[in-house]
Amino acid sequence: MSTTESRQTTTHTTKTAADQAAKETLEDYTLRFAPRSYRRWTPMVVATTALGGIAYMADFSIGAGIGLAHGTGNALVAITAAAVVIFITGFPLAYYGARYNIDLDLITRGSGFGYYGSVLTSIIFASFTFIFFALEGSIMAQGLELGLGLPLWLGYAVSTLMVIPLVVYGMKALSKLQVWTTPIWLLLMVGPLVYLIANDPGTVDRFLAYPGTTGDGAVNTASVMLGAGVCLSLIAQIGEQIDYLRFMPPKTEANKRSWWTAVVMAGPGWVVLGALKQAIGVFLAVYIIAEVGPAAAPEPIQQFRSAFDAMMPGWLVIPLAVVLVVISQIKINVTNAYSGSLAWTNSFTRVTGRYPGRMIFVLVNLAFALALMEADMFSFLGGILGFYSNCAIAWVVTVATDIGINKYVLKLSPLQPEFRRGMLHAVNPVGVVAFLAASGLSIAMYFHVLGDTLQPYSPVAAAVIAFVVTPLMAVVTKGRYYLRRADDGIGEPLLDTDGNPSGVTLDCHVCRQPYERPDVTACVTHGAVVCSLCLSTDKVGDHVLPAAEPRAADRH
């Protein structure tokens with residue numbers, strides 16, 4: 001076969017794969033930048049949609065588990081410490097997602113990991129989504145067992161299958177679901193708490209004095225670190241927040257106040273509500289422990305059943321508790337299924353050059369989650385989250401440090417995020433080495449390899465190592481592995497006069513679809529424009545621009 005025929009065959013194959021991706025009916029922009037033409041929501045609608053996804057009940061269970069084990073004082077300090085870390089690390093990630101309209105995987109590519117290096121963290125994020133889907137599905141199954149008498153195995157299946165119709169239509173459907181269900185959820189969650197405190201102020205004193213089962217109630221560092229490690233497993237939630245925040249409208253002088261409010265509130269601000277829910281979980285567990293015992297006290301369905309029982313007729317208690325659990329589970333698990341499918345699809349397409357369709361990975365993610373539920377993951381929740389948090393902390397802290405330190409202080413990392421194939425090196429040792437060092441050592445600590453004394457400090461080790469090694473690697477490598485080339489071969493600027501991604505459209509010569517300026521590069525073989533989708537599905541690199549070492553000035 002001649003070179004020309006080979007290129008024609010490659011172009012046809014790439015075109016077919018890219019056409020399938022471009023015509024994805026869900027309009028979720030799985031593999032690429034979210035174009036301005038699609039982002040028609042106001043900042044507050046985007047924020048409400050993003051915050052709707054954190055209606056999960058796991059926070060109540062996590063908080064209760066920590067409080068029952070270590071006492072209220074240790075639990076509250078651990079929850080607060082974890083929330084501070086999550087807020088600080090989440091802020092730069094949320095800003096980049098909203099400002100440049102890309103998800104956390106695309107941010108990770110250009111923030112220290114490289115085009116293929118971020119596949120590792122994308123899989124970690126996908127794991128986060130099915131672990132928490134399984135957790136929420138388990139909680140819903142407990143509610144269905146209490147309210148409808150469904151056996152747990154059937155409840156697991158129901159909680160899994162019911163989200164499929166809701167997640168099919170991506171952001172358009174999810175925005176409506178989250179906006180309309182949030183007021184009901186807030187009323188059902190806050191109402192019982194207010195009633196209990198107002199009706200019996202002594203519940204607050206009993207809550208604050210609870211000593212836990214493993215100590216005398218005094219605050220100690222080991223207990224705080226163990227509790228914080230479990231809470232920090234939620235640090236990857238910022239990825240799901242960004243899956244919504246990438247649909248923010250362009251930031252302008254006219255909307256900058258509402259834009260910033262939405263980004264802070266729905267980005268790192270999610271953890272404020274999350275921490276409050278964890279504290280409420282401790283409160284409700286202490287309130288009902290004498291009634292249901294320590295084994296059932298962390299179950300949200302039992303917590304709210306007892307709370308509702310104190311304030312309303314008995315015939316209404318279980319139906320309302322079940323409604324609250326079901327609404328909460330649907331609100332978060334459509335997000336888990338949605339975000340997980342994005343992560344799996346992104347990784348699979350980059351590695352194989354094939355795009356099988358996002359719905360395939362919705363089903364894959366749900367299958368993993370259902371398997372965990374049937375294995376009764378709820379009974380060993382603390383162990384799973386404690387282990388997982390080390391990987392999640394290492395990843396998020398590495399990316400946040402690259403943005404905050406390497407980009408703005410050291411100026412060794414490009415200020416504007418880059419995600420397109422051909423523009424990035426395959427692997428950037430800055431992020432990959434920092435992540436592997438932080439996660440590897442912290443996991444060893446978690447499993448007592450370095451002794452029992454250091455075990456509680458594994459989450460601290462993950463954060464500190466990632467924070468130190470990331471800038472150190474940037475200095476050692478002199479930032480040369482961030483960009484494979486600085487010029488994408490197109491004269492049209494990437495940003496408009498307000499610093500937002502340009503809305504100018506250009507036609508890809510492979511798939512014949514229009515794409516906005518940040519989503520295209522020049523094509524090496526045809527002297528035309530090629531989109532990031534066709535680059536992702538180009539198995540032989542026929543359209544990929546050659547390497548061109550950028551100057552130091554270009555890197556920033």
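So, helix α5 passes helix α6 in a right-handed crossing, meaning the near helix is turned clockwise from the far one by less than a right angle. Helices here are DSSP runs of H or I with at least four residues, and strands are E runs of at least two, numbered from the N terminus. This is a predicted model, where local features need pLDDT of at least 70, side-chain atom pairs count only at 80 or more, and totals for chains, interfaces and linings use all residues. Residues are numbered from 1 along each chain, and side-chain values use heavy atoms, with hydrogens and water left out.

Back to our pair. α5 covers residues 104-113, α6 covers 118-148, and their axes come within 9 Å and cross at roughly 140°.

Who's touching whom? From α5 we've got Asp-105, Thr-108, Arg-109 and Phe-113, and from α6 Ser-118, Thr-121 and Ser-122; contact means heavy atoms within 4.5 Å.

Okay, on to helix α16, residues 314-352. Its 39 residues reach 57 Å from first C-alpha to last, close to the 57 Å expected at 1.5 Å a residue, counting one less than the number of residues. Is α16 mostly covered or exposed? Mostly covered, with 29 of its 39 residues buried, that is, under 20% relative accessible area with a 1.4 Å probe, protein chains only.

Zooming out, the protein chain has 21 helices and 4 strands, and 60% of its 556 residues are buried.

Definitions and conventions: Axes fitted to C-alpha atoms, helices over the stretch in contact; angles between N-to-C directions. Buried < 20%, exposed > 50% of the residue type's maximum accessible area, 1.4 Å probe, protein only.
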